[in-house]
Amino acid sequence: MLTTDFVPGTPNWIDLGASDTDAAVAFYSAVFGWTFRSAGPDAGGYGFFQRDGGTVAALGPLTGEGASPAWTPYFHTGDADATSRAVEQAGGTVRVPPMDVFTAGRMAAFTDPTGADFAVWQPGDTKGVDTVMEPATLCWTELRTTDVPAAKDFYAAVLSWEYRDMDMGGGMVYSVVSAPGGPAGDPGHGGIMPRPEEGPAAAPGSAWYPYFGAADCDTTFATATAHGATPLVPPTDVTGVGRLALLKDPAGATFALIKGDPATP
């Protein structure tokens with residue numbers, strides 16, 4: 001599961017690229033009770049979503065030409081430059097070459113061979129987010145992809161991921177992701193699944209989605225839709241997982257809510 005004892009290959013940061021950062025702050029503050037703190041005048045509008053004084057996510061303006069609002073997960077690396085080389089060797093694309101972020105750390109951003117964007121964070125002064133696995137914090141990362149085997153091969157080569165495949169019925173297999181070096185019996189920090197071809201949750205390509213914890217999935221879902229979110233999957237019980245929902249924020253960035261099954265570790 002996610003922890004803040006970050007090991008290589010596990011999520012340690014997440015940020016939202018927004019077309020209107022003020023509107024994004026207003027929406028996520030209403031839904032999760034987050035506050036926003038600017039990273040300073042030299043940060044280009046980048047800053048931090050906070051809960052109880054700790055950073056749980058980040059926000060910045062869109063910078064790439066033609067970019068759309070989206071959440072991007074960052075995975076821990078001890079060497080962003082080496083990871084960048086591994087991405088190219090495995091057939092991915094380097095969108096942002098490795099660069100220092102003041103003394104906070106070193107980052108790089110990529111696109112996997114199936115078209116999903118992600119990034120890595122090599123910690124400096126900032127190790128990662130301060131809190132996970134609680135309401136209004138990151139609890140899971142999920143890749144919905146056009147090519148599951150290609151995605152699994154790529155991330156195994158780049159981030160040394162291991163997989164546990166679960167038959168979800170109806171011919172759908174969900175691959176739970178874990179990274180070497182985590183705790184014994186690690187239940188995983190994310191998943192990979194086929195992109196839905198039909199219905200509201202269908203998407204034009206591969207993408208990573210964050211799951212944020214909810215003390216009450218239905219209430220948080222209702223708050224989000226009341227503030228302009230588009231429902232994709234209404235609150236739904238999944239045996240052994242919990243109750244979850246999928247939405248698009250008012251600008252079009254997709255995210256999920258989850259309240260874990262109390263009977264499941």
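Which strand holds Met193? I found Met193 in strand β12, residues 190–194; strands here are DSSP runs of E with at least two residues, helices are runs of H or I with at least four, and both are numbered from the N terminus.

**Ground rules.** I am working with a predicted model, where local features need pLDDT of at least 70, side-chain atom pairs count only at pLDDT 80 or more, and totals for chains, interfaces and linings use all residues. Residues are numbered from 1 along each chain as its sequence is written, and side-chain values use heavy atoms, with hydrogens and water left out.

**Met193.** Setting aside neighbours within four places in sequence, I noted contacts from Met193 to Glu142, Leu143, Arg144, Thr145, Val148, Met172, Val173 and Tyr174 (contact means heavy atoms within 4.5 Å). Tyr209 lies 16 residues from Met193 in sequence, with 11 Å between their C-alpha atoms.

**Strand β4.** Next I turned to residues 54–61. Seven of the eight residues of β4 are buried, so the strand is largely enclosed by the rest of the structure. I saw β1 (residues 11–18) pair with β4 in the parallel sense over four bridges (pairing takes at least two DSSP bridges), and Asp15 stands opposite Ala58 in β4. β3 (residues 47–51) runs antiparallel to β4, joined by five bridges, with Arg51 opposite Gly54. β3 and β4 make a hairpin with two residues between them, and Asp52 in the turn has a positive phi of about 55 degrees.

**Helix α4.** Which residues of α4 (217–226) are buried? I list Cys217, Thr220, Phe221 and Ala224. Down the axis of α4 these buried residues fall within an arc of 100 degrees, so they line one face of the helix (the arc is taken from directions between the helix axis and the C-beta atoms). They pack against α1 (21–32), β14, β15 (242–248) and β16.

**Second largest pocket.** Last, I checked its volume, about 910 Å³. A pocket is an open set of points on a 1 Å grid over the protein atoms alone, with protein on both sides within 12 Å along at least five of seven lines; lining residues have an atom within 4 Å of a point. The volume is the space filled by probe spheres set on the points, which are joined across faces, edges and corners. Of its 34 lining residues, Trp140, Gly240, Val241, Leu244 and Ile258 are the closest to the centre. β9 gives the most to this lining, with four residues.

Key: 1 Å grid on protein atoms, 1.4 Å probe; cavity = no way out; pocket = protein on both sides within 12 Å on 5 of 7 lines; lining within 4 Å. Buried < 20%, exposed > 50% of the residue type's maximum accessible area, 1.4 Å probe, protein only.
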